[in-house]
Amino acid sequence: MRHYVCTGECGTAFEEEGVCTSPDCSQNGQPREKCDCTDGYHGALLEEIDEETDPER
Ligand SMILES: [Zn+2]
Ligand SMILES: [Zn+2]
């Protein structure tokens, strides 16, 4: 099932598109990322983010 995940500290998954609403999250107010995983780990999505933020690895 499609869902939308905040890629900040809160890592919350939402059923609807929107922005992160966690006040303490670095991605607060930023759009959630669309995800289609079925295991709840958002593997593909988080791997993508990792590569973007840590190109040396
Ligand atoms: Zn967040
Ligand atoms: Zn997911």
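Me: Which residues does R32 touch, not counting those up to four places away in sequence?

Reply: A contact list is read by asking which parts of the chain meet at one residue. In this predicted model, R32 touches Y4, V5 and C6, and also F14, E17, G18, V19 and C20. R32 itself is placed in the loop between β2 (13–14) and β3 (33–35).

Me: Is R32 buried or exposed?

Reply: The neighbour count decides, and a residue needs 20 or more other C-beta atoms within 10 Å to be called buried. R32 is buried because 21 other C-beta atoms lie within 10 Å.

Me: How far apart are R32 and C20 in sequence and in space?

Reply: The two separations are read side by side. R32 and C20 are twelve residues apart in sequence, and their C-alpha atoms are 6.3 Å apart in space. C20 is also one of the residues that R32 touches.

Me: How many bridges join β1 to β3?

Reply: Bridges show how two strands are paired. Strand β1 (residues 3–5) runs antiparallel to β3, and three bridges join them. Within this part of the sheet, V5 stands opposite E33 in β3.

Me: What pattern does the chain follow when read along the sequence?

Reply: The pattern lists the elements from one end to the other. For this chain it reads β-β-β-α, with one helix and three strands.

Me: What does the loop between β2 and β3 look like at C25?

Reply: A loop residue is read like any other, by location, neighbour count and contacts. C25 is found in that loop and counts as partly exposed, because 17 C-beta neighbours lie inside 10 Å. Leaving out residues up to four places away in sequence, C25 touches C6, G8, E9, C10 and C20. The C-alpha atoms of C25 and C6 are separated by 9.0 Å, and the two residues are 19 residues apart along the chain.

Me: Which distances go with D24 and E16?

Reply: Both distances are taken C-alpha to C-alpha. D24 and C10 are 14 residues apart in sequence and 8.0 Å apart in space. E16 and Y4 are twelve residues apart along the chain, with their C-alpha atoms separated by 6.4 Å.

Me: What is the phi of H42?

Reply: Most residues other than glycine have a negative phi. H42 is not a glycine, yet its phi is positive, about 55°. H42 lies in the loop between β3 and α1 and is buried, with 20 other C-beta atoms within 10 Å.

Me: Which element has the lowest mean pLDDT?

Reply: Where pLDDT is low, the predicted coordinates should not be read in detail. Among the elements, helix α1 (residues 43–53) has the lowest mean pLDDT, 70, and β1 has the highest, 95. The chain averages a pLDDT of 87, and 82% of the residues score at least 70.

Terms used: Residues are numbered from 1 along each chain as its sequence is written. Chains are lettered from A and ligands numbered from 1 in the order in which they are written. This is a predicted model: local features need pLDDT of at least 70, side-chain atom pairs count only at pLDDT 80 or more; totals for chains, interfaces and linings use all residues. Helices (H or I, at least four residues) and strands (E, at least two) are DSSP runs, numbered from the N terminus. A residue is buried if 20 or more other C-beta atoms lie within 10 Å of its own, exposed if 12 or fewer, and partly exposed in between; C-beta atoms are placed from the backbone. Two residues are in contact if their C-beta atoms, placed from the backbone, lie within 7 Å. Two strands pair if DSSP finds at least two bridges between them. pLDDT is the predictor's confidence in each residue, from 0 to 100.
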